[in-house]
Amino acid sequence: FIPKVENVTRSQGKPHPSTMGVFGYHDLSSITIDKPANRIFSNQKVSYVEGKGIWSYTPTKYWPEYSSYDSFDFLGYMPYNGSASFSYQSTIYTLSFAANLNETNMIEGTNLPLICNVPHHKNAPGEIVDFKMDQTMTGFQLNFKLGAKMSQVREFEITKVVVSGDIPYKGKISRSYVIKDKKWESAPIVWSDVESKSMSLNIANKGESLILNNNGFQEWGQPFFAIPVESFMPTISVTYNVKVANNGTVTRKEVTNKIIFNENNFANLRKWELKPGKLNTLEIAIVPDHLYILADADQYIGYLVME
């Protein structure tokens, strides 16, 4: 048995967590799911071997041990958690596991929890088992733009962006699967029992400031990630310098304005786009008197008064 992982959604850093949990069965059905004799793996911990590009686990299972069977189903998730479960109820199979995230995970997009798109089915023993994983988090890319009237007389140099507040950081991830016409189908990813705590995500721009001009929207740093639940309502703080466009004289220094990521400011974005595997763009346009946050293509906007 050799596992393989592909189609992982990520931003940067490692392409996937270094561990995963695997469930595997032969002749899987509502009757056999709880029978030890039909289990090949029951939340088996599998670890990635750096440098070799392979996955390893012990004790090793070998296909000849199962040569008399002709139906196999495997599914997995990342990273490994000892309390994960795979259960059956009323024609529905459900994979569940717990996840606990920190600031680095959310900022760098590393070690984010992933879950199988659908179980991998085999009709005969074979070497490779492909796991196609889906992202359980939602991502946000910050983009900034200077309005045309502002650019005639001023430049804005953004020096810092911080996302802070009571941020969801742990919870239970579940996904259900059904068999239709002898093929697996999956339901949407669900987060539950989510807990929040005070966190501060410093979204760096490669250690540099960003000077806005007439070049349209410009990206700030890499995407950051969050658990896609309604309780995710952080404050976005933008610190910047204001300069005279023609000579660079600083007229205002280290000014910080804030806006809350809530229904009042981002109604359309929160309603339609706050979901697993979605990378959202927060377009922030600086115009006279206000810092406007363009939530989507229809310009559902919130604004922040520039004091």
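This is a predicted model: local features need pLDDT of at least 70, side-chain atom pairs count only at pLDDT 80 or more; totals for chains, interfaces and linings use all residues.

Residues are numbered from 1 along each chain as its sequence is written, and side-chain values use heavy atoms, with hydrogens and water left out.

How many salt bridges does the structure hold? There are three salt bridges, the term standing for a side-chain nitrogen of Lys or Arg within 4 Å of a carboxyl oxygen of Asp or Glu. One of them pairs Arg 175 with Asp 134, and here the closest N and O atoms are 2.8 Å apart. Because Arg 175 belongs to strand S12 (residues 154-180) and Asp 134 to strand S10 (residues 128-135), this pair ties together parts that are 41 residues apart in sequence; strands are DSSP runs of E with at least two residues, numbered from the N terminus. Arg 175 is buried at a relative accessible area of 8%, whereas Asp 134, at 21%, counts as partly exposed, where buried means under 20% relative accessible area, exposed over 50% and partly exposed in between, with a 1.4 Å probe and protein chains only.

Another salt bridge joins the side chains of Lys 243 and Glu 157, at 3.2 Å from N to O. This pair links distant parts of the chain, with Lys 243 in strand S17 and Glu 157 in strand S12, 86 residues apart, and both Lys 243 and Glu 157 are buried. Lys 180 and Glu 185 also meet through their side chains in a salt bridge, at 4.0 Å from N to O; Lys 180 is partly exposed at 47%, and Glu 185 is partly exposed at 39%.

Strand S17 (residues 235-244) also holds Thr 239, which is buried with a relative accessible area of 9%. Leaving out residues up to four places away in sequence, Thr 239 touches residues including Glu 157, Lys 160 and Glu 254, contact meaning heavy atoms within 4.5 Å.

A polar atom of the Thr 138 side chain lies 2.9 Å from the backbone oxygen of Lys 278, and a polar contact of 3.1 Å connects the side chains of Thr 138 and Asn 280. Such a contact is a pair of N or O atoms within 3.5 Å; within protein, one must be able to donate a hydrogen and the other to accept it, and residues adjacent in sequence count only if both atoms are side-chain atoms.

Notes
Helices (H or I, at least four residues) and strands (E, at least two) are DSSP runs, numbered from the N terminus.
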